[in-house]
Amino acid sequence: MVDLAVRIGGMTLANPVMPASGTFGPELAQVFDLNRLGALVTKSVTPQYREGNALPRLCETEAGVLNSIGIPGKGLPHFIEHAMPDWRRFAAPLVVSLSADTVAAFAEAAALLAATPGVAGIEANISCPNLEEDGRAFAMHPETAGAAIAAMRAACGLPIWAKLSPNTADIAAVARAVEAAGADAVVVANTILGLAIDIDRMAPKLGAGMGGFSGPAFKPIALRLVWQCAQAVRIPVIGVGGIATAEDAVEFLMAGASAIQVGTASFVSPNALLDVLDGLSAFCARRGFARVSDLTGLALPGRLRPAAE
Amino acid sequence: MDLGPDGVAADFPVREQVLTVAESVPVGRRYHRLLLNAPGLSAASRPGQFFHLLCRDGGGNGPYLRRPMSIWRCGEGKPLGFLLHVKGRGTAALAALRAGDHLSVVGPLGQGFTLDPAWRRILILARGVGLATLAPLTEAAAARGIAVRAVLSAQAPEDLMAAEFSGDSGAEITPVFDSDGSSAVPAMEALLRATFEGSSRPDAVFTCGSNRLFLLLQRLAGEYGIPGQIALEQQMGCGLGMCFCCVRQIRAPDGQVVNLRVCAEGPVFDLQAALAW
């Protein structure tokens, strides 16, 4: 029997496989038992109501998708009152993805979540536009990323995972900044900005213009970002970006991730999360790894990152 | 765990499953009929629901995302059927499948049509491939003793697909065509008014496939106080309600216009609540 448990900061997850925010919801419980997952990660919740972006919100490419959904939602109070009872049906730890426009709004929302039963942790979506910074994402710069995490850290005692952006010049510096600010883990990475144009309409295919690119074609970039972050910080790295198979997941673990998230692949195959989990377990059994955590960092230069935290 | 025929777990009503193609044949000039062996899924499917199909031809080529396809044929002991308008990469890949090939499906998905057992007769107004979505309703109605009158609109007689629509349901078909002008809105309005005012006034109306006919039916059904349902189409990402890319504007009971997911809250909506697209 392979030991699939992993430790992410103060949390122990039954296994390292979880969904990526924005590609998952309680709707997937129609397909399989969500309690088999290491953790559940919600769509990003914002402090207030958001309409979402103009349609089309999604367009496919040869090996992935561009999205610009715009985080539609009814706001955090509505989420706590109406969505949380549904989430509490599940035994798997619930990580609420939180997005906000200002440092203060991040902190206030984190405090509200800390007072909400059933929330195991917060994934800070600091990769969204920051009104204080002229629309740039917090995670583009170490200073703004660190400020958002530090304010949340001061406001709540929950584990905080900082979701980093690939749209930055130096992701290692951003990872170090959020570690110093008190993040319990980094989630690497959010979608990378991209564009597709409809040559008949002579306009962007997405209603909002640019979008975030995800899916198999993004995997080498996400893997490189995980590899860089794993060498930059001591807190766990959660790898995400283009993972569709167990072999993809193994690559991310070997690049230094302690856990992984499956996102866009769930659109093509709703069973992808389970297939990755079962395949990961089979890989460890076949290759003689007693613990899945033994895979973490095996491919790093000089194996800088020991398997155990 | 409650298991249905062929092991469909009631706890997990949506399945991702690889099915075998039983029949794949062109219909008319631009349509295609696909029948799949799927005893459990077909029995569990309801008219108005859809499946999310991984559109890969025999060589494994096709677009990255799945394509939503409304159910054309379903039921206990019947193959699961789709009637598609071949117009893009996804449908072209599906049309290239042959009997014996495999196809990955996810479903059944979405909210289907509802039939009130007290109804005596319904009217269906369909245009183009929208008739595929409405076709299984004819047999469901027949099984409940509800008479079906269907007005089918097509470019020309060779595009009508009346047999594909009504199957063995005994539905009474009134065809209208662009080619002879009978499908024009004023002619359709006169036809519908005569039906709504006559002795065979329907207890409910249903439509799919045309914005123009939707607006006409919504206006007239509202005027005559006849309830109705519409099946909406929309580009989808996940098909399960997770990605929020397939929203459409729907008027909530309190009058507010809200974005609802066609895949999860739909694809069937109240006729008066739907907004034009």
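In this predicted model, A:Ala162 is in contact, once its neighbours within four places in sequence are left aside, with A:Ala124, A:Ile126, A:Ala145, A:Ile149, A:Val178, A:Ala183, A:Val186 and A:Val187. A:Ala162 also belongs to the largest nonpolar core, which has 187 residues, and is listed together with A:Val186, A:Val188 and A:Val226 among the residues with the most contacts inside that core. Helix H5 of chain A, spanning residues 219–232, gives the most to this core, with seven residues. The core also reaches into chain B, where it draws at least three residues from each of domain 1 (5–109) and domain 2 (121–230). In soluble globular proteins, nonpolar side chains tend to be buried together.

Where chain A and chain B meet, the contact takes 28 residues from chain A and 20 residues from chain B. On the side of chain B that touches chain A, 14 residues are nonpolar, four are polar and two are charged.

Within chain B, the domain assignment gives domain 1, covering residues 5–109, and domain 2, covering residues 121–230. The centres of these two domains of chain B, taken over C-alpha atoms, are separated by 25 Å, and the contact between the domains brings 14 residues of domain 1 together with twelve residues of domain 2. To the side of domain 1 of chain B that touches domain 2 of chain B, strand S5 (residues 80–85) of chain B gives the most, with three residues, and the class make-up of that side of domain 1 is eight nonpolar, four polar and two charged residues.

Technical notes
Residues numbered from 1 in each chain as written. Chains lettered and ligands numbered in written order. Predicted model: local features only at pLDDT ≥ 70, side-chain atom pairs only at ≥ 80, totals over all residues. Contact = placed C-beta atoms within 7 Å. Nonpolar A, V, L, I, M, F, W, Y, C, P; charged D, E, K, R; others polar. Core = buried A, V, L, I, M, F, W, Y, C linked by C-beta atoms within 7 Å. Buried ≥ 20, exposed ≤ 12 C-beta atoms within 10 Å, placed from the backbone. Helix = DSSP H or I, 4+ residues; strand = E, 2+ residues; numbered from the N terminus. Domains from an automatic or database assignment.
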